[in-house]
Each structure stands twice: as C-alpha cells, then as structure tokens.
Amino acid sequence: MKDKKGEREKQPTTPKRSGLREKKAEKEEQHTTTKRSGLREKKAEKEQQPTTPKRSGLREKKAQKEEQPTTPKRSGLRERKAQTEEQPTTPKRSGLRERKAQKEEQPTTPKRSGLREKKAQKEEQPTSPKRSGLKEERAEKKEKLKMPKRSRLKEKEVEKEEPSTSPKRSRLKEKNVEKEEEVFVEGEEDDTNSVDEVGARMGSNDGGSRSEGRGKRGSGKAGKKMSTIEKAEEDGTSARFVGDRVPDAEARKKWPHRYINEIKNKASGSKTSNSSDDSEEITKARCHYTRAVVDGVIYDLYDDAHVKASDGEPDYICRIIEMFESEDRVPHFTAQWYYRSTDTIIKDKYMLDAKCVFFSEIRNDNPLECLTQKLNIVRLALDVDSDARSKKTLDCDFYCDMLYLLPYSTFVKLPSENNTTGPEISSTISSDVDPSGVKSESDEVCQTSGSRKSEVALLDLYSGCGAMSTGLCLGSNLSHLNLVTKWAVDLNKFACESLRLNHPETQVRNETAEDFLMLLKEWEKLCIRFSLVKSDDPKKQQTYCFDMDDEEDNDDDDDEDDNDEDDSEVFEVEKVFDICYGDPKETGGQRDLHFKVSWKNYGRDYDTWEPISGLGNCREAIKKFVVHGFKSSILPLPGDVEVICGGPPCQGISGFNRFRNTNNPLDDPKNKQLIVFMDIVDFLKPKFVLMENVVDLLKFADGFLGRYAMGCLINMKYQARLGMLAAGSYGLPQFRMRVFLWGACATEKLPQYPLPTHDVLVRGVVPLEFEGNTVAYDEGVRPQLEKKLFLEDAMFDLPAVANNESRDEMPYSGAPKTEFQKMIRSKKMGLGLNNVLYDHRPLVLNDDDYQRVCQIPKRKGANFRDLPGVRVRPDNKVEWDPELPRQYLSSGKPLVPDYAMTFVNGSSSKPFARLWWDETVPTVVTRAEPHNQAILHPEQDRVLTIRENARLQGFPDYYQLHGPIKERYIQVGNAVAVPVARALGYALGRAFQGLAGDNPVFSLPKKFPNINEDPSSSSEAQL
C-alpha cells in the first residue's frame, strides 16, 4: 500500500514506526524514547520538552498554537477538547477504548474531556472569559436604553431575555471552537482513501467487509469482517462519514454554493426573508456524503434528529439536509430546524400538543458530532381528521403539519412537493405527507377558483356599527369577490340599529357573543331534529318537550276535554317568528332557548318571548319556523360561514384599568371575549378568520393575549400570521395602529398584508419584540407613496356648523376639493356624488365649556395655556401667573379649571386644544369632551362633529349612524378604519380566488381604491 504520509524529518535517535492505523508520528522523546508501535495505538504521546514539538500527519486540521514550556501534551483519540495545563507529575493517558481522560487532580482548574462533552469550558481567567462549545448559546447583552434594530431576517424569534423559553440554534461560527480547542476526526489516511478505510457500504447497518489484505495490515487477522459501527469503534472515531461519496459532478450540481471559488456574504435581508443569518459565511466543501455514523448510530441524508442543546434545555430538533466534509477535513451536516411551540411566537401562552413541532426555513451548518439521537417525525396534511391524526402519530417521536416562518410570525401548511429523494438547495422541506392516501389540497384553490359561489358569506362578530365588514366587502368587491355580510352580532343596540340602517341585507343580532354561540348550538340541534341536517353525533340528538305530546293522536281527547272546560280564556300560539338564547325578559332566571311568539286574536303589542319548555304543544309552529329559518339562513350552521371577522373587546388590558391581571389575563372576565371569539370560530369552522385588536394586545403581559389568540388558531389547524397596520398608511389623517390576525383553513391560501400606500406621520410606540410585525417596506426600500393626508384634505369642504347644531341631514356647501373628498362623497354604488350630508353635528358643549372654547385663539397650537392667568415655566409645566388675578365665568366657575392645570402634572397642552389644518390626529376617540384631548375645530368654536370624526375613520358620507349623539361618537371611535379594512378585503379577495402569493405582504394597485386593473396584477413585495 502506498504510504499516505509524508516522510518525517529524521532524527538521530528516532525509532521507526509502522502500523496501518497510526495517524500521527511520534515526536522525539529526549533522544532516549523507546519505539512505540501496536495495532491499537492512535496517537503517539508528545514528549514534554521545553521547546515546541514538531507536528505532522495528513489529517491534522489546524496547526496547534505554539505551546509554552509548561503546556501539557494531549493524547487519547476520543478527547474532543483541549486539556488545561498539566503538572509535571500527571501521568500520560492513552488507549483506543478510553472514553474520557481522567481529570487532573488540581484544586483550582479541573480538566474536562470526553466524547460527549458539547461545550468547551470557559477559560478560567478573572477578566474576559472566552466562550466555546458546539451548542453553547451566544451570550447576548441588551442595552437598557438603546436596543439594536432587529430584522426579521436576522432573528429566529425576537424575544426578551428569557433563555428558558426560546432555545437558540447554533450557527457554524459558534460551532468551530478556537484553535487551541479544535476538534477533528482522526482515522483517515488521506482524502482519496478515507471511505475505503471505513469499509462500509450504503444500504446495510452492518456495512460491507473490508478487503482481506487491508484487514491483515490493519488488524493482523486475515478475513475479519467488520460492521460500520464496529469499524468506527475500532478506529475510535465517534462521528464520521461512511459509504461512498456523492459523485463530484452531482454534488456540485446540488450544492453549488459549497464549491464556488469566492464565497460572498449575502446582502442584509428583508422582513420577508426566513434565513437564519444571511450574513453568515458559507463553509466550502471538499466532498459530500449521504450517510454518517455518530456514537454507533447511522444517520442518512434527510433523517430527522436531535441536536445537543445547552444544559437544562431540551435538545434541538432538525432535519439533516446536507452532509459534507469541509476543506479543513471537518465533517459537518446542515440542519434545517424544527420549532416547538414554545420556540415560536406562541411561547408558553397556549399549550399545544407536546408532539407537535413546526418545520422552518432556518438552516445552518454544525459539526457532525452534535447529533445525539435519530427521530421519527411524521408529516401530516393539515386537514387530516382527528382520528387519522391520532393513529398516525401514535408511535412517532413528533409530528409536523405546518411550516413556521419568521416574517410576520407566519404558520402555513407544509409544501406539497416531495423532496425526499434529493431536494435542491432551494428546497425547504420534504413532504411525505400522508402516505396512507389522504389527499393534499394545496392546489385546490387555484383549480377551483373559477367555480366559486357568486356570494361569499361573512359573519361580523362584535360588529359595532359595521365598519370592519363594510370595508372588507368594499375591498373584496374591488378584487371581484362578492363578499356579503350575512350576519352581525353586537351588544350595543344603537350600533346594531346603525348596521341595519346601512345593511338591510344583514341578519343583525343584538346579544352577547356567549348567547349567540349557545344559540348556534341549539339551532343546529333543531335542524337535526327536523331532519334538515344530518348528523351521527349522539350529543346533537336531542329530545324536546314538544316530542312528548303527539297532537295528532290526542285530538279526540282534546275534544272531550273541551266539553268539560269552563269558559276561561285559552291562549293559542298563532306564529313563532324569532329565536334567541338567554333571558330576554330579564327576569334573572335560567338562561335557555326562547322563541318569540304572536298570540291568536292578539295584536303585535302582545308578542312575547317564551321558553321552549313552555311550548310543549307547539311542535308544528316551531317546525314551521325552523324550516323557514333554515331555508332563509337566519342563523349560520357549521360550514355556512366562509369568513369571520371581529374585534373581541379586551378591556382588562386597558391602561385605564388599575387592577389588570398580569399573571394570567384570561382570568379577568373583561378578557373572556377572546375565548368566546375563538370558540365561535371553532364551532362554525369558516375558511378565513380576521381578528382585530388594539396594540395593547401585544404590549400587556408579554403579549399574552396575542400569543394565546395565535395558539388558538394553530390548535384548530388554521394557517395564521400576525401584523400591525397603521390607518394613516392607507390614506387617512390619523395614525391609529391596530393588530390584525389572519387565519385560513388548510384548503385556502393564507391572505397577505397590503403594504402602505401613503406616507404617514408615525406616532406611538410599537412593542420592541413585535416591531418586525409592523406592515411596512423593508429598510432601505424607498417606495413611491402618496403624500400624507392632513385635516384640510379630509374635512375642509364640510359646511360650517355651530355648537348647538341639531340637524341630522343637510346639504353640502360646495364641491369637493381633494381626491379624498371626492372619494368619501361617492354614492354607495360608486355612481356619482352623494347629495345629502348625514350626522354633521357636534356634541353640544355646556355653557361653561363653550365660553372657554370661545376664548381659545384660532391659530395653530392654541390651547388653555393661552387663557389669561396661566404661565408656562421653563420646564414646560404650567403654573398660575401671580401677577394676574384668576378670572371667572358668568356661572362663577373659573375660566381655567383646576383639572387643566394639573393634567399630567401640568405638562400637557391637550386640554381645550385646537387642531389645525396641516396636522393629523393620533387616533379618533370615543368621547368628544375637550377637557383632556385636542378635539376643537381649527376655526369654529366647537368640537369636531360626528361626521368629521367619521371622515377621519374613512366612513363614506352615505353611511348613517343611529342613536344619541354620544353613542354615535362611540360607534365611530370604536370602529376599524374603513380604508384599512378595504385594503385587507382586497387581500382577502385575492386569497379566496387563489391569487395570493407566498410572501406575507404585497403591493396594492396604483391609486387604490380607484383602480380598474385585475387583482391578479397586484405586485408582490420586493425582496
């Protein structure tokens, strides 16, 4: 056999050495060292000389740093880490089968070694300790006042400093320890013979047999056959590749980035990228493999495995998507990571199945010896039924049915393409989804988009006056989807009347969401009872009181009874015409199913709500009502609703609530509506879900409720993503940031977020951890946006009104002057301009406040500080002017009230402040009092009218509001900004028709919503 090693420099007393398995030449040992040989020796012991020993050997990966006279010599094939300094009396250790070197008995710095150690110990210096180790997390220091910007590209999950909840995956640069601690694989003589020396063949756990001659030279026993594992143990190597290399041409085709001459760092990424670290340098490869053995376990390419994590943390989970030997002859594998739910945005706020993991597009390189255990991870179609899911996941380690992407915290169904035989570098996942024949429906949307129903049903929960559903329908219609609000639910009766007034086609229910959910369940049982719906579920088979009496069989008995009865009046149900669940009579009794009935020979004034338990002899009347209601869809059944939208109120997280529960916000009854919203989604199972809420959802208690909401959708097997949109970015003179959570069932495309169309003045603070969820263009991208809008653009054309204006309708005083005014004054069908202006009347101020407002100067920035008797200190706080006497109103009350002087410790300028034409507002509020907010008209002595507030929210002028003046302000202030809902509706229409892309964001058409182009032409976000 050709000698693969270079000749060593001959010394006068150096003995000759032989043996097939010797990997390193022994150093001269003070000219008296005896010869060392033997089949089982793997390393020659280094002589302890005051000078630096010479090094040789083909497989050494990096030259050791020059050792000081007291530097210990290292031996033992299985040692992975460098030992600390040894004392002269320390005995040398060697031997193939030794697993760990004995710790030197020093009282200060113990030595650490051993095959399975995954972290190099910190060098025990009193100053700057070094960190090393294959899986040790990076120590990250957060500055208190200045936080670095985080790109969605650069992070797996932007989290607070909570190392126990989000394990970090190591990167290649974290795996390669310092030169003094370099770990390298021994046992190969050169690059051309490395596979032959292992002697294993692909496809067998026992491996192939060596050639007889090679066996004789290596072991002295002719013809001995060794398995791959036995050979690895014989060599003393814990982690190495086995089998044939991937042919060079094939490897270069599959992994070209490993073989190019110059590796260029990727440019900094965008928010829509999922890479773990695009700036990480790519490790060049000298060859690729498809099989490896680590600690006696064989791993094949595309196997799933555990990777050692830091102490106290569960091992990481990955898929092996590449095996290669780097140019410095270190064996590596590329891991594509799985996430546990606790590693995602959900954290521990919603406990999903412990076996459920989420595949990602995060990948990086790691030393081969990081692998600790082979795993069986089952991949499932997202829409597989629960029984099939239970059977398939019974014997697996984990199961996976979703992909988790960092941009906008996105969960989507697994790709349908099958990449198990050899994915290209662009592939992200192999999908042996459902080998038993469950059909994956990822392309169903595109195939069936042409056969969609002409009308798509929408349910608006917590609807208010209907702004969100109105905007969604307007936007969907622009994308050629006929979305119709079929049902709406809200507790505020005035808001319900406003919605009915503008949407007569909608079934509007004025009740709590809890009662509505119970009603839906009872309605389904009634439809099953009268054979309108089929169901084999015994829990839904119910016997009612009217089933106990057979009216037809008892006709004769009834006639006989009639003869014996006295002349007392008999009440007979003429008709059943409504249904509800709860306590409609407000008697405080038990909540139950009730029907509203009209009585024979009595007028409508005598109609009453009656519990079902009191209608035992009204079977036919009830049946007639249920059959008619089923045909006219007065209530939705599971599968009837295609879209659910809503903003469940979470008053328990409000900053005005001093008794907020930060430990478990769901224990607060004021936050229970979030649970109810998700329960309704779970019962009706719509195709799409859109939930809206305030940003405090993500600010309060580490974003507990936002994370919980995401966990609910994922548990129900909805695809989901979370984003924050500012109303001003879509053409309004207010900022108003809100959270929007999309959900889509497995058969649909997950809707995207529309990118901003207008410049906006940014106000407020976004939670740092969720700043990547803000819908915006990437840093460095300068899109062509429309100019920001101001108050003048929105309401300068409205007629002047006085403080005591009482008309609900009036004509316009002139033609529209801006594009915004033209659009907002359009008729409902978009044909021409509206002729009547509704709700242009203000909250009437009391005499005292009106007198104060009249004295506020009509100029920009004017407020109560401009009133006589107020002085502003250098620290911008107010105080009474001692040189001026305090002035009083005609009522005897002071002109400047005390609450204005003390508001925010005297530092606020909001009391009785005027807005100005070239300004925007932070957000439209529900109250119109001027005591602590800037709400005065720029040039008129009054607060903004209902219509002016409605315009700031984007309500069309034709939209009428119902109820007392204060209630109308509340309806407008609680509404979702209509332009935001319209943009989201356009995105929904594209997704419903299968036109949505894979990116989480897209660009709306130019001049949206004044568009004529096809929705399929909307561009994806620039990456």
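Figure 1. Glu522 has a relative accessible area of 12% and is buried (buried is under 20% relative accessible area, exposed over 50%, and partly exposed in between, with a 1.4 Å probe and protein chains only). The structure shown is a predicted model, in which local features need pLDDT of at least 70 and side-chain atom pairs count only at pLDDT 80 or more, while totals for chains, interfaces and linings use all residues. Residues are numbered from 1 along each chain as its sequence is written, and side-chain values use heavy atoms, with hydrogens and water left out. Glu522 forms a salt bridge with Lys525, with 3.8 Å between the closest N and O atoms; a salt bridge is a side-chain nitrogen of Lys or Arg within 4 Å of a carboxyl oxygen of Asp or Glu.

**Figure 2. The salt bridge of Asp300 and Arg291.** The two side chains meet at 2.7 Å, N to O. Asp300 is partly exposed, at 21% relative accessibility, whereas Arg291 is buried, at 7%.

**Figure 3. Asp348 and Lys349 within a network of salt bridges.** The side chains of Asp348 and Lys349 meet in a salt bridge at 3.0 Å, N to O. Asp348 has a relative accessible area of 43% and is partly exposed; Lys349, at 15%, is buried. The network that links these two residues also includes Lys347, Asp702, Arg707 and Glu769. By the same rule, the count of salt bridges comes to 56.
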